[in-house]
Each structure stands twice: as C-alpha cells, then as structure tokens.
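Please prepare a short report on the structure shown below.

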Amino acid sequence: MYPLVPRCGVARLSGAPVNPAPIESTLTAADLKQRLDAGEPLRLLDVREPDEFADFNLGGVNIPSGELPERIQELEDWKADDVIVVCYYGALSDYASRYLRRKGFADAKNVEGGLEAFLSL
C-alpha cells in the first residue's frame, strides 16, 4: 500500500501513477450549482479554516481538514448519504473525501476545482 501524500494541490499515492479519481467520487461545480439552485437538501462539508468559511460559504458544516480525524464522529449520521466535500481549490476536499470514503462514507464526493470553480460559473 502506498502512503497518501498531498502534493502541489493534488492528493496522490506516493510512487503510484497519477490516475484521476473515479467519476462517482467527484462532482463538478456546475452540478453542485444545479443541485443548490434546485433546492436539493445536501450534506455539504466545507474543509477550509473557520475564517475562510466565515468570509464565504455555501452552507453546510465546517470542519477544517486538519481536524477531520478528531471530529469525524460529528458526521456519523451522514455515512449512508451523498456527502459533498468542498474547499477553495479542490485539493484539500479531494484529500478529505478520500479519507471519508476510507472511513465508510462510500458516497463522499469532491467538488472538482472547489469554490474557485463554483464562483467562476
């Protein structure tokens, strides 16, 4: 097993070839916008720091990525749901969504390009 190493804005397996995440583990910013505009109830996890979340957010729960291992029990009720994970660029949320999937959140999805992509729509 290769250790998971975040590098240069991309979480990847150290020493392993870079492969895109499976399609079901990501969500485009446009898809997220469509779901929000439709008023769909979402399990949204923002993994940025609290001050970043306070400046701008899409709602949901704010648990900084560095605190996720200690605070994952706060999300226990979400395990069977579609969990959408977001950060500003999409790198930390990719790492966090992979972590959540390893911990049994089978439908944790990263927003490709993060809030930056969302705000550019």
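Tyr 89 is exposed, with a relative accessible area of 56%, whereas Tyr 88 is partly exposed at 32%. Here buried means under 20% relative accessible area, exposed means over 50%, and partly exposed lies in between (1.4 Å probe, protein chains only). This is a predicted model, in which local features need pLDDT of at least 70 and side-chain atom pairs count only at pLDDT 80 or more, while totals for chains, interfaces and linings use all residues. Residues are numbered from 1 along each chain as its sequence is written, and side-chain values use heavy atoms, without hydrogens and water.

A search of the whole structure finds one aromatic pair. The pair is formed by the rings of Tyr 88 and Tyr 89, with centres 4.8 Å apart and planes at 90°, so it is edge-to-face. (Rings of Phe, Tyr and Trp, the last by its six-membered ring, pair if their centres lie within 6.5 Å; planes under 30 degrees apart count as stacked, over 60 as edge-to-face and the rest as tilted.)

| Residue | Relative accessible area | Class |
|---|---|---|
| Tyr 89 | 56% | exposed |
| Tyr 88 | 32% | partly exposed |
| Ser 97 | 0% | buried |

Ser 97 lies in helix H4, residues 91–102. Helices (H or I, at least four residues) and strands (E, at least two) are DSSP runs, numbered from the N terminus. A polar atom of the Ser 97 side chain lies 3.0 Å from the backbone oxygen of Asp 94. Leaving aside neighbours within four places in sequence, Ser 97 is in contact (heavy atoms within 4.5 Å) with Val 85, Ala 108, Lys 109 and Asn 110.

The buried residues of H4 include Ala 91, Asp 94, Tyr 99 and Leu 100. Just after H4, Gly 104 takes a positive phi of about 100°.

The largest nonpolar core has 15 residues, and those with the most contacts inside it include Leu 45, Val 85, Leu 100 and Phe 105. Such a core is a set of buried Ala, Val, Leu, Ile, Met, Phe, Trp, Tyr and Cys residues joined through side-chain atoms within 4.5 Å. Strand E6 (83–86) and H4 are the elements that give two or more residues to this core; H4 gives the most, with three residues. Beyond its neighbours within four places in sequence, Leu 100 is in contact with residues including Leu 68, Ile 72, Leu 75 and Val 83. A second, separate core of nine residues includes Leu 32, Leu 44, Ile 84 and Val 111.

Key. A polar contact is a pair of N or O atoms within 3.5 Å; within protein, one must be able to donate a hydrogen and the other to accept it, and residues adjacent in sequence count only if both atoms are side-chain atoms.
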